[in-house]
Number of protein chains: 2
Amino acid sequence: MAFQFEVLKTDASGARLGRLTTPHGAVDTPVFMPVGTAATVKGLTQQALRELGLQILLGNTYHLYLRPGHELIRRLGGLHQFMAWSGALLTDSGGYQVFSLANLRQVTDDGVCFRSHLDGSQHFLTPEKAIEIQMALGADIAMVLDECIEYPASQERARHAAARTFDWARRSREYFRNARGEQPRQVLFGIVQGGAFADLRRQSAEQLAELDFPGYAVGGLAVGEPHALTCEMTAEATAHLPADRPRYLMGVGKPEDLVDYVRQGIDLMDCVLPTRNARNGCLFTRHGRLLIKNARYAADPRPIDEACGCPVCRTYSRAYLRHLFMANEILAAVLNTHHNLYFYLDIMRRIRDAIREGSLDALHEQLRSCGAGAGALSAEAARP
Amino acid sequence: MAFQFEVLKTDASGARLGRLTTPHGAVDTPVFMPVGTAATVKGLTQQALRELGLQILLGNTYHLYLRPGHELIRRLGGLHQFMAWSGALLTDSGGYQVFSLANLRQVTDDGVCFRSHLDGSQHFLTPEKAIEIQMALGADIAMVLDECIEYPASQERARHAAARTFDWARRSREYFRNARGEQPRQVLFGIVQGGAFADLRRQSAEQLAELDFPGYAVGGLAVGEPHALTCEMTAEATAHLPADRPRYLMGVGKPEDLVDYVRQGIDLMDCVLPTRNARNGCLFTRHGRLLIKNARYAADPRPIDEACGCPVCRTYSRAYLRHLFMANEILAAVLNTHHNLYFYLDIMRRIRDAIREGSLDALHEQLRSCGAGAGALSAEAARP
C-alpha cells in the first residue's frame, strides 16, 4: 500500500475530514498521535494501544538514536518490528528535542552539535543525518530537520531560523531522494517555521510547497505563545499549503483546543500532554482536569468520568486510582495513561463525526468544559 | 457459594489434586497465588490477571492497614470491590511483614508493637486486631496472627514462638467466631510454626488441628534454611494436619522447587519471586534465569523463552525487552511481570496435569532446568 491522502469533506471553517493511507494501514483524520518516545507509549502495552483503536503513533528520533541506537533498530527490522507495532508510525527529526537541550547544543548552518542528556557524549545532527537515522528507523512518515526557536523571538531571529529550516528542508529532501531505494515506502514531510510572524509563516509555507512534499508540518508553535496566536500562525501556514496534502501541527494540544487546530485545516497532531499528565496524576474529564492525588477522592467510589466508556472508568474507582497514585504503584501510570489516551481519541472521534455531520460548532461548545482546571470541577462532579 | 475443599486425587508421593470453592469462584489446586501487596499485582491490570487465568490473589494486611487503611476499604465495599477483583482473595495477617521490620518492632504475649515503614507512626497489632483488619478487607480467606522467627533460631526460641503462635491462633479464632456475623462467608486459616525442629512442627500441627480450622498454613519457612529442611519441616507439618483441609505453604518458592512442596502435600503457595524478579529484570525460562540487562540480549530477536506461549513471548523480542529495561520504561516491569507470572501459572497447570496423569516424577525432572542461574543458560539458548 503506497502513501496516499484523501480529503473526504471540508466544512465552512476549513476543518477537513480525511483519510491517510500508509504502508501500515489507514489513518482517519483529523487524528491525534500519542507519543511513543523510546519505542513505547509509557505504561501501555501494544495490545492496549490496539484496544484503544490507535492507528498511528509517534516515535522520537533523538531518543531512539541515543538509546538503543538507530543501527540496532535497523538490524532488528526497523521500528515497527522492534516495538511490535503493526500500525502506522511517524518519527520526528530529533530537532525539537535537540533545541530543547538549551545549554547542551550549538547551531550552525551545517547542523546542530549537542550533548546527550544520558551520558554527556557529543553528537552532530545534520539534515542528512536526521534522515539517515529516520530511514534506519523506517517509520511510515519521516520529518525534515528544522530549527526550532523560543517564544518570544525577534523577527530577525525568526527569519533567520525559517531560512535555515528551508535550506535544511532542501538538503533533507535531496538526501532522502538519493537514499530512496533503502526505504521505498517511506515519505518525508517538510516543516513550516517563521515564529510568531505571519509574513514569515506565509513565506515558509510557500517556499516549502514548491519543494512538493507529500505532507507538511507546522512547527515551532505551542512553545509558550497565546493560544490565539498559535491558531493565527497555523491558519497562515495552512492557507499557503496545498489543500491535497496532509498537515500536521506539531506538539499540540490541550483537549479543549483540539477543535481549534482542526478548524485551521490541521489533519494530524501530537502531544505528550495526555500521557505525561497521566503519570503526574492529572486526568482529563468532560468537566475539566481531575488531580487524583486530591484528598477529596480518597473515598470516592465513582469512576474518573461517569460518561467515559474506557475500561478504566468501567472498572476502577477514583478511590482506588488515588490509592495507587499515592502508593506510587506502576498501575497508577498504566491506568491513568489508558484513560487519558482514550479521552483524547474519543474527542478526535467526535470531531470527525462532527465534521461529517456539519456540527463542529456544537461540539466546540461542549468541549470547552474540558478546559476547567482541577479547582474548577463543578461541585456535583467533584463531590463523592 | 460456601467455602469448600475437595481432594480429587492423591498420588504416591502425597501430592494432591484438589479444588477449593470460595465465595469468589473455584480454585484449582495445587495453586500458586501471586502477591498483590497494596491491592495491585505490581504492573498488571486486573484485566491482565484475568487473561492470565488467575483464580486467587494474595493481599498484604500490613500494607493495606497502613495505606489506604482497612476502614476506608471496608467503607468502599471490601478489598474485592476496592481493587475490582472478582476472583478469590487471601489476606495474610500482617505478621510476616511486621516481624521483618526487625528494629522497628517489639513482641509481647499481647501482640506486636511496630513502627510504620512509611511514616514511623507507632501501631500495635494483636491477634484480635489482625482479624478485625482482615474482616474489614473481607478476603475469602484470612490468616491468624503468628510469630515468625529467623533462621537459624534455638529450639527454645522456636518452642516459645510456636507456643505463642498457638495461643494467638486460639485468640484469633475466638475473635473471628464472635465477629462472624460481619463476614459470614470468610474463613480463617491457622498457621503451623516450630522453626527447624520436627517435634515442634508436629506438636504445632497437632495442636492447631484440634482447633478445627477450615484450612492450615505452614509458616516461618523459606527464611534462609536449606531447601531440604524446608521440605522436611513441611512434610512433618502436613503429616499431622487433617487430610481433608487445604494446606498453604507461605512464601514459596522458586520455579524448580514448586513440585517439591506439592509432594509434601501442599495445596497453596505464594511468593513475590516472579513479580519482584520481573521488576529487577530476572526472567524465568525453561533453561533457567535470564537477566535481561545482559548485553548479549541487545540484538537478540528471539522471545524470552521460545517454548513459552505467553503474550509477551508471542509479541516481543529480548532486544526490545532489554531496551525497555535499560531505559527504565514502565513497560519493562509490565511485560516482565506478565511473562514471569505466566511462567509460574504454567508450571502449576503442568503440575496439576501431572498429578492427574500420575507423571509427576517426569515433570520433576523437566523442571530442574528452570533452576539454572543466568550464567548457566545453555549456549544454544543464550546465543542470538
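Mentor: Let's start inside helix 14 (residues 330-357) of chain A. R356(A) and D353(A) are three residues apart there, so about one helical turn separates them. Their side chains meet in a salt bridge, 2.9 Å from N to O. Keep in mind that this is a predicted model.

Trainee: How many salt bridges are there over all chains?
Mentor: A search of the whole structure finds 44.

Trainee: And what is the count between chain B and chain A?
Mentor: Two salt bridges. One of them joins the side chains of E329(B) and K42(A), at 2.5 Å from N to O.

Trainee: Which elements of chain B give two or more residues to the side that touches chain A?
Mentor: Five helices of chain B are listed: helix 1 (46-51), helix 3 (70-75), helix 4 (79-83), helix 13 (318-326) and helix 14 (330-357). By class, that side has 23 nonpolar, seven polar and six charged residues.

Trainee: What about polar contacts between the chains, how many residue pairs?
Mentor: There are 14 residue pairs in polar contact between chain B and chain A, counting pairs with both residues at pLDDT 80 or more.

Trainee: How many residues does the contact take from each chain?
Mentor: It takes 36 residues from chain B and 36 residues from chain A.

Trainee: And how much area do they bury between them?
Mentor: About 2900 Å². Carbon and sulfur atoms account for 63% of that.

Trainee: Which three residues of chain B supply more of its buried area than any other three?
Mentor: Y320(B), H323(B) and I330(B). Together they supply 19% of the area that chain B buries against chain A.

Trainee: Why do we say the copies meet through the same surface?
Mentor: Because 100% of the interface residues of chain B are also interface residues in chain A.

Trainee: New topic. Where does strand 1 of chain B pair, and in what sense?
Mentor: Strand 1 (residues 4-10) pairs with strand 2 (residues 16-22) of chain B in the antiparallel sense, over six bridges. T10(B) has R16(B) as its bridge partner in strand 2.

Trainee: Which residue other than glycine has a positive phi?
Mentor: N328(A) is one, with phi near 55°. N328(A) is found in the loop between helix 13 (318-326) and helix 14 of chain A. Most residues other than glycine have a negative phi, and most peptide bonds are trans.

Trainee: Where should I look for cis bonds in chain B?
Mentor: P68(B) is in the loop between helix 2 (61-66) and helix 3 of chain B. Another cis bond joins Y151(B) and P152(B), with omega about -5°. P152(B) is in the loop between strand 11 (141-143) and helix 7 (155-178) of chain B.

How values were computed. Residues are numbered from 1 along each chain as its sequence is written. Chains are lettered from A and ligands numbered from 1 in the order in which they are written. This is a predicted model: local features need pLDDT of at least 70, side-chain atom pairs count only at pLDDT 80 or more; totals for chains, interfaces and linings use all residues. Side-chain values use heavy atoms; hydrogens and water are left out. Two strands pair if DSSP finds at least two bridges between them. Helices (H or I, at least four residues) and strands (E, at least two) are DSSP runs, numbered from the N terminus. Contact means heavy atoms within 4.5 Å. Buried area is the accessible area (1.4 Å probe) that two parts lose on being put together, summed over both. A salt bridge is a side-chain nitrogen of Lys or Arg within 4 Å of a carboxyl oxygen of Asp or Glu. A polar contact is a pair of N or O atoms within 3.5 Å; within protein, one must be able to donate a hydrogen and the other to accept it, and residues adjacent in sequence count only if both atoms are side-chain atoms. Ala, Val, Leu, Ile, Met, Phe, Trp, Tyr, Cys and Pro count as nonpolar, Asp, Glu, Lys and Arg as charged, and the others, Gly among them, as polar.
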